[in-house]
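Here is my note on this model, for someone who has not seen it before. The points go from overall layout to single residues.

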Amino acid sequence: MQTLLNDIELDIQELKCLMQAIAGDTNSALRVVAKRSIQQMKMRLDELQKLLDEIPEINPIVTRVIRDEEEQSVASAAEPMLSPVASSSPILAECIKPSKDLRHAISLNDSFRFTRELFGGDALRMNEIVRLLGEAPDLNKAIVIFNSEVQLDEENEAVIDFIELLKKYFC
């Protein structure tokens, strides 16, 4: 299911880039590619829906009782100064770690853009650094590696996007 979600997320990123390109160009080939991308995304969404339908449903009343009991045991074990989990939880779409590696989290368009803007057109260097970043134990270590390998211009949109990608990966 995680791989399917990752593919859908990549489809969305690709579609966003295509729609931006279509807005600036009347090329009919781009429209065909965008329509094909939408169809592929629909198929993946249908597949995801089938997977969700196969998951056995839990009685919501039982689930709520279990949650209430867990909250009571946590509240009795700790002081009431605990903040609610829901307010600090990231949104699901902001925190999907690819099943294989960081490389799979980068769309094709972003890959070309990052190679061009951050790594001076050197795809091999980018792939090696992305591999190192994917092996980092946490976001802070990944940022340190990224800072040591790439000249950071915080006003460069590609730098901002790459750091956001790292945040989502290590979320």
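1. A term to start with: buried means under 20% relative accessible area, exposed means over 50%, and partly exposed lies in between (1.4 Å probe, protein chains only). By that rule, F170 counts as buried, because its relative accessibility is 16%. F170 sits in helix α8.

2. Ground rules. This is a predicted model, in which local features need pLDDT of at least 70 and side-chain atom pairs count only at pLDDT 80 or more, while totals for chains, interfaces and linings use all residues. Residues are numbered from 1 along each chain as its sequence is written, and side-chain values use heavy atoms, with hydrogens and water left out.

3. Overall layout. The protein chain has eight helices and zero strands. Helices (H or I, at least four residues) and strands (E, at least two) are DSSP runs, numbered from the N terminus. Of the 171 residues in the protein chain, 26% are buried. Contact means heavy atoms within 4.5 Å. Take the contacts between residues at least 6 apart in sequence: 66% of them join residues at least 24 apart.

4. Helices α5 and α6. How are they set against each other? Their axes are 9 Å apart, and the packing angle is about 105 degrees. α5 is therefore roughly perpendicular to α6. Axes are lines fitted to C-alpha atoms, for helices over the stretch in contact, and angles run from 0 to 180 degrees between N-to-C directions. Angles under 35 degrees count as roughly parallel, over 145 as roughly antiparallel, 65 to 115 as roughly perpendicular and the rest as oblique. On the α5 side the contact uses S111, F114, T115 and L118; on the α6 side it uses A123, R125 and M126. By class, these residues are four nonpolar, two polar and one charged. Here Ala, Val, Leu, Ile, Met, Phe, Trp, Tyr, Cys and Pro count as nonpolar, Asp, Glu, Lys and Arg as charged, and the others, Gly among them, as polar.

5. Helices α6 and α7. This pair packs at about 155 degrees, with axes 9 Å apart. The two are therefore roughly antiparallel. The crossing is right-handed. A crossing is left-handed if the near helix is turned anticlockwise from the far one by less than a right angle, and right-handed if clockwise. R125, I129, L132 and L133 of α6 meet A142, I145, F146 and E149 of α7. That contact has six nonpolar, no polar and two charged residues.

6. Helices α7 and α8. The axes of α7 (residues 139-149) and α8 (residues 157-170) come within 10 Å and cross at roughly 150 degrees. α7 and α8 are therefore roughly antiparallel. Their crossing is right-handed. From α7 come L139, A142, I143 and F146; from α8 come V159, F162, I163, L166, K167 and F170. The contact counts nine nonpolar, no polar and one charged residues.

7. The cores. A nonpolar core is a set of buried Ala, Val, Leu, Ile, Met, Phe, Trp, Tyr and Cys residues joined through side-chain atoms within 4.5 Å. The largest one has 22 residues, and L102, F114, L118, F119, L133, F146 and F162 touch the most other members. Two or more residues come from each of α5 (108-118), α6 (123-135), α7 and α8. α8 gives the largest share, seven residues. A second, separate core has nine residues, among them L15, L18, L30 and M41.

8. Leaving out residues up to four places away in sequence, F162 touches I106, F114, L118, V130, L133 and F146. V159 is buried, at 2% relative accessible area. V159 and L118 are 41 residues apart in sequence, yet 7.2 Å apart from C-alpha to C-alpha. F170 touches L133, A136, P137, D138, L139 and A142, again not counting residues up to four places away.

9. A residue of α2. L51 is found in α2 (residues 28-54). Is L51 buried or partly exposed? L51 is partly exposed, with a relative accessible area of 28%. Beyond residues up to four places away in sequence, L51 touches M1 and L4.
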